[in-house]
Amino acid sequence: MGFDLGSAMMKLGVLSSSDDDLPHAITLFVALLCFSNLIGHLVQHNPWLNRPIICSLIGLLAGGVILLKSKGESSRLLEFNEELFFIYLLPPIIFNAGFQVKKKQFFRNFMTIVSFGAIGTLISFVVISLGALLLFKKLDVGFLDMKDYLALGAIFSATDSVCILQVLRQDETPLLHSLVFGEGVVNDATSIVLFNAIQRFDLSHVNSAIALKFIGNFTYLFVTSTCLGILVGLLSAYIIRKLYFGRHSTDREVALMALLAYLSYMMAELFYLSGILTVFFCGIVMSHYTWHNITENSRVTTKHLFATLSECSEDFIFVYVGMDALDIEKWSFVRSPWTSLGVSLVLFSLVLIGRAAFVFPISFLSNWAKKAQSDKVELKQQATIWWAGLMRGAVSVALAYNQFAKSGHTSRPGNAIMITSTITVVLFSTVVLGLVTKPLVRLLLPPLIRFNSQLSSEPSSPKSITLPLLVNGQDPPEAGGGITNIVRPASLHHPVHRYWRTFDDSYMRPVFGGRGFVPVVPSSPTETNDQPQ
């Protein structure tokens, strides 16, 4: 987001003016996260509930208790800082998404994913911005200028697919999972890039020159951010392959991977690029090259470390949103609660329309361009994709705070309405829509169909610890052994994919390493020597 790092280092504010209350507030909030994790584990097989819903409901419950204890003064332990979100909470979520992605499915459907995530987001952005501009004039929402309406389009174009991705499994629905997952990441990146571009331009007088400059700036941010992530990912692979930190310390190579991943995000922010795109593609490159250059112990450690950081960040955000929904301070500046609810209804209706405006047309064009029946998106799958993108989450909340509030509160009625409406839409879409997601997916995609759908043959994702060491069912190379000649499955012989594999095997893997191009290092000598005799 191009934030100033100095201000981002400011600690979270607490409700009390005394700094002595900060440890108490953080302790209680961490306790809520532990409780959310425990409840989420106990109900993981529940047909209705999932982790985002659990965290949101616990946040609502905790907010209600705090509101009663404070005699109606406040419902929060901590104040939301959008800079904290973009600097500390978002990077592990997006990096883990890239690090765990099934690359074969992602790049095989890359054009469809980009169409949904980039072109579709732009269509949704236009629908929501124009709809808000036309409909809000009939509601008493306070003063909003053109930049605010465009910002609303970017804010509510950012989807949150966490709920439905917990239902769609890669092994059962690889095509649908890759489309929903890939679109979600590209969508978030596009929304943030759009939001950044809006902040940099004077949009009070829009003309063709400003529009062209806006498009050029958007394209520049998209391309340069992607290239930066790829370069940092390749740098990490080269350093670990040549210096072989794994032969001396697993801790060092894990630390290097984590630090370089975070460095890629911060470099993007420093140069006013899209950190979310940069760290996502850095994660993809690291999983393709770097992850195979490290020891087996490091592979297990990195897989669980990045997934844990991502899950904790998501839980933090959903718990806070639940608590913040009962914030009396924001609601006190709203002229009428019914106005905020009316704005929420309008915004969610625009989300429904904007989503449908691109999912079904783009799916039709994608099916028309594809020859293989297994690569086409059926009508029920299209409905699932449409439903998956209706939920709004952390990115929408953070962008709304950035546009309409400072340090979590505002005194302008128009801004207060936008903040409360955003939280209302996020909670409604997460809890209400999330509750019916599992039954709906079971209805649209029966288990037999989901199981018999196109199977994934990509074995090189960190999602699995053992499969990357196997090649088409063959035994893994012995520890310290040489390079393995990989036999590619016939399903990979797509022209573009075949050209990339040839280039990758001939030029990239010999330099940067990767599956089958480096000896297997079971563990570091340091760990072996430390074992009891």
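A residue is called buried when its relative accessible area is under 20%, exposed when it is over 50%, and partly exposed in between (1.4 Å probe, protein chains only). By that rule, 56% of the 533 residues in this protein chain are buried.

Before going further, a word on what you're looking at. This is a predicted model, in which local features need pLDDT of at least 70 and side-chain atom pairs count only at pLDDT 80 or more, while totals for chains, interfaces and linings use all residues. Residues are numbered from 1 along each chain as its sequence is written, and side-chain values use heavy atoms, with hydrogens and water left out.

The chain has 22 helices and zero strands; these are DSSP runs numbered from the N terminus, with helices (H or I) having at least four residues and strands (E) at least two. Take the contacts (heavy atoms within 4.5 Å) with a separation of 6 or more: 84% of them link residues 24 or more positions apart.

Now zoom in on Ser298, in helix α13 (residues 296–324). Ser298 counts as buried because its relative accessible area is 0%. Leaving out residues up to four places away in sequence, Ser298 touches Thr250, Glu253 and Val254.
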